[in-house]
Amino acid sequence: MSQFLFSLTAAGLALTASAVCVSAQAAATATAAGCPLEPVKFHACAVPKAKTFNPPRTSDGRPDMQGYWDRAFTSQDIEEHTAGFGIQAGPSLVIDTPDRKIPYQPWALDIKKDIVERFISPLASCFPPGMPRHVIAPASHQIIQASGYVVHLLEYSHSYRIIPTAAGPHVPSSLKLWQGDSRGHWEDNTLVVDVTNSNGLTWFDNAGNFFSDALHVVERFALVDADTIHYEARIEDPKVYTRPWTMVSALVRNKEPGFELLEQACHEGNRAVEGGQSVGLKPYPGVTNISGGGR
Amino acid sequence: MKRLFGIIAGIAFLWAAPVVAHHSFSAEFDATQPITLKGKLTKMDWVNPHGWLYIDVAQPDGKVVNWAIEAGSPNALLRRGLRQTDFPIGSELIIEGYRAKDGKSTANGTTVKFADGRNFFLGAASEGTTGAPPK
């Protein structure tokens with residue numbers, strides 16, 4: 001038995017619980033730009049600071065957000081959650097609903113309850129993450145700015161989006177895209193990005209929080225100091241939610257010397273789909289195409 | 001007791017490091033079935049989105065079973081100091097992880113210990129970023 005051990009110990013679980021508390025405590029006390037990272041507190045602290053901060057500028061006079069960025073919290077679950085298997089405890093990113101939960105319509109909440117037991121996470125299939133998960137996905141980001149454009153790269157699966165910041169209409173509503181259609185403009189020092197045309201086939205996180213192809217996201221990026229961005233995403237989807245809602249996260253500059261985005265050919269050896277299918281999970285068809293949806 | 005300490009240390013290390021993968025662990029792997037596997041490496045797939053280790057593990061009855069263990073992405077392993085050359089075929093490894101729900105000889109790896117004593121976090125920690133809230 002010494003070479004083949006199956007181990008489950010009460011002591012191990014007890015220590016696990018203890019370590020989780022330390023981790024959660026560290027997260028609770030962490031700060032960026034002098035603001036606590038807990039999203040409601042961060043929002044209250046960072047918004048006034050961003051209004052008075054004079055950011056570094058690009059050659060065309062826009063706030064210079066270029067560089068590598070990491071999100072403050074993982075995107076395993078954007079609602080408050082305790083630590084679990086492969087998941088760190090984390091606060092809700094939702095800042096403006098009474099219970100800080102996503103305001104699903106009753107039929108949608110019913111689907112949410114067991115969605116991860118029915119469907120393979122779209123990200124596990126190496127699909128593009130969509131907005132706003134592109135911003136809070138499990139990988140480093142790079143922002144590059146050119147006159148009239150902001151380019152937002154994500155290491156995961158070579159995901160990217162190019163945001164035109166000159167005036168221009170969205171693509172026709174009949175065109176549905178994994179990453180949606182992002183159109184930006186500057187309001188003083190804030191980059192405002194309007195996202196439509198989602199195909200509704202991605203999730204916010206690995207907990208299965210979802211939207212439909214009626215998703216409309218308005219994102220706001222503002223430097224709070226040279227190394228911190230206040231990121232806000234206003235979410236509307238009348239097919240799925242009872243009201244619009246807002247999520248907030250700090251983005252913190254990755255200053256690791258020599259850091260760069262690396263190749264990440266996601267499909268190369270992806271066995272997550274196979275693993276999901278082995279336990280009966282199916283490809284996610286979008287919430288409006290789920291058999292029994294609206295039940 | 002030494003073995004127990006190793007198991008506990010492995011679990012603590014797992015929780016000390018931020019764990020984020022591109023898929024949900026709980027959908028495929030069983031948190032109630034931690035496993036320690038000791039055996040010889042037969043293959044290492046240094047592939048995206050997760051690397052895979054294959055080791056021959058001798059069961060008590062003498063039968064040898066080849067286990068497949070999911071690791072972090074090559075980029076995450078690379079940034080953690082591991083290289084593909086750290087995994088020559090035939091290496092003696094001790095791997096901590098969690099069994100797959102489908103009952104096959106598959107696990108999600110959390111730590112790998114080499115014969116020379118080196119011990120690495122094997123999981124999908126944040127896929128290349130610290131993932132931890134900044135101090």
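## A tour of chains A and B

Select A:Cys126, which is found in the loop between E5 and H5 of chain A. The model on screen is a predicted one. Phi of A:Cys126 is positive, about 70°, although this residue is not a glycine. Is A:Cys126 buried or exposed? A:Cys126 counts as buried, because 22 C-beta neighbours lie inside 10 Å and the cut-off for a buried residue is 20 or more.

Stay in this part of chain A and select A:Met131 and A:Pro132. A cis peptide bond joins the two, with omega at about 5°. A:Pro132 has its place in the loop between strand E5 (119-120) and helix H5 (133-136) of chain A.

**The sheet of chain A**

Next, colour the strands of chain A. Nine of them make an open sheet with antiparallel pairing, in the order E8-E7-E6-E4-E13-E12-E11-E10-E9. Which strands stand at the edges? They are strand E8 (159-164) and strand E9 (181-187) of chain A; each has a single partner strand, so one side of each is left without a neighbour in the sheet. On average, neighbouring strands of this sheet are turned by 25° against each other, direction ignored.

Select residues 141-146 of chain A, which are strand E6, and then E7(A); the two pair in the antiparallel sense over six bridges. To see one pairing, show A:Gln142, whose bridge partner in E7(A) is A:Leu153. E6(A) and E7(A) form a hairpin with two residues between them, and A:Gly148 in the turn has a positive phi of about 90°.

Now show the side chains along E7(A).

Strand E7 (residues 149-154) of chain A is joined to E8(A) by six bridges, and the two run antiparallel. Two pairings can be picked out here: A:Val150 has A:Ile163 as its bridge partner in E8(A), and A:Val151 has A:Ile162. The hairpin formed by E7(A) and E8(A) has four residues between the strands, and A:Ser157 in the turn has a positive phi of about 55°.

A:His158 is also found in the loop between E7 and E8 of chain A. Phi of A:His158 is near 55°, a positive value in a residue other than glycine. With 14 other C-beta atoms within 10 Å, A:His158 is partly exposed.

From A:His158, draw a distance to A:Ala265. The C-alpha atoms of these two residues are separated by 7.3 Å, although the residues are 107 apart along the chain. A:Ala265 has its place in the loop between strand E13 (245-253) and helix H6 (272-278) of chain A. A:Ala265 is partly exposed, with 14 other C-beta atoms within 10 Å.

**Helix H2 of chain A**

Select residues 39-52 of chain A, which are helix H2. At 1.5 Å a residue, its 14 residues should span 20 Å, and its end C-alpha atoms are 20 Å apart, which agrees. Where does H2(A) bend? H2(A) bends by about 30° at A:Ala46, and a proline, A:Pro48, follows within four residues.

The buried residues of H2(A) are A:Pro39, A:Phe42, A:Cys45, A:Ala46 and A:Ala50. They pack against strand E3 (35-36), strand E11 (216-225), strand E12 (228-236) and E13 of chain A.

**Chain B**

Move to chain B and select strand E1 (residues 29-45) together with E2(B). They pair in the antiparallel sense over five bridges, and B:Lys43 has B:Tyr54 as its bridge partner in E2(B). E1(B) and E2(B) form a hairpin with six residues between them. B:Pro49 lies in the loop between E1 and E2 of chain B, and a cis peptide bond joins B:Asn48 to B:Pro49, with omega at about -5°.

Show the side chains of strand E2 (residues 52-58) of chain B: B:Leu53, B:Ile55 and B:Val57 form the covered face, and B:Trp52, B:Tyr54, B:Asp56 and B:Ala58 the uncovered one.

The last stop is strand E3 (residues 64-70) of chain B, which runs antiparallel to E2(B) and is joined to E2(B) by seven bridges. In E3(B), B:Val65 is the bridge partner of B:Val57. The hairpin of E2(B) and E3(B) has five residues between the strands, and B:Gly62 in the turn has a positive phi of about 95°.

Definitions and conventions. Residues numbered from 1 in each chain as written. Chains lettered and ligands numbered in written order. Predicted model: local features only at pLDDT ≥ 70, side-chain atom pairs only at ≥ 80, totals over all residues. Pairing = 2+ DSSP bridges. Axes fitted to C-alpha atoms, helices over the stretch in contact; angles between N-to-C directions. Buried ≥ 20, exposed ≤ 12 C-beta atoms within 10 Å, placed from the backbone. Expected span 1.5 Å × (residues − 1). Bend = angle between axes of the 7 residues up to and from the residue. Contact = placed C-beta atoms within 7 Å.
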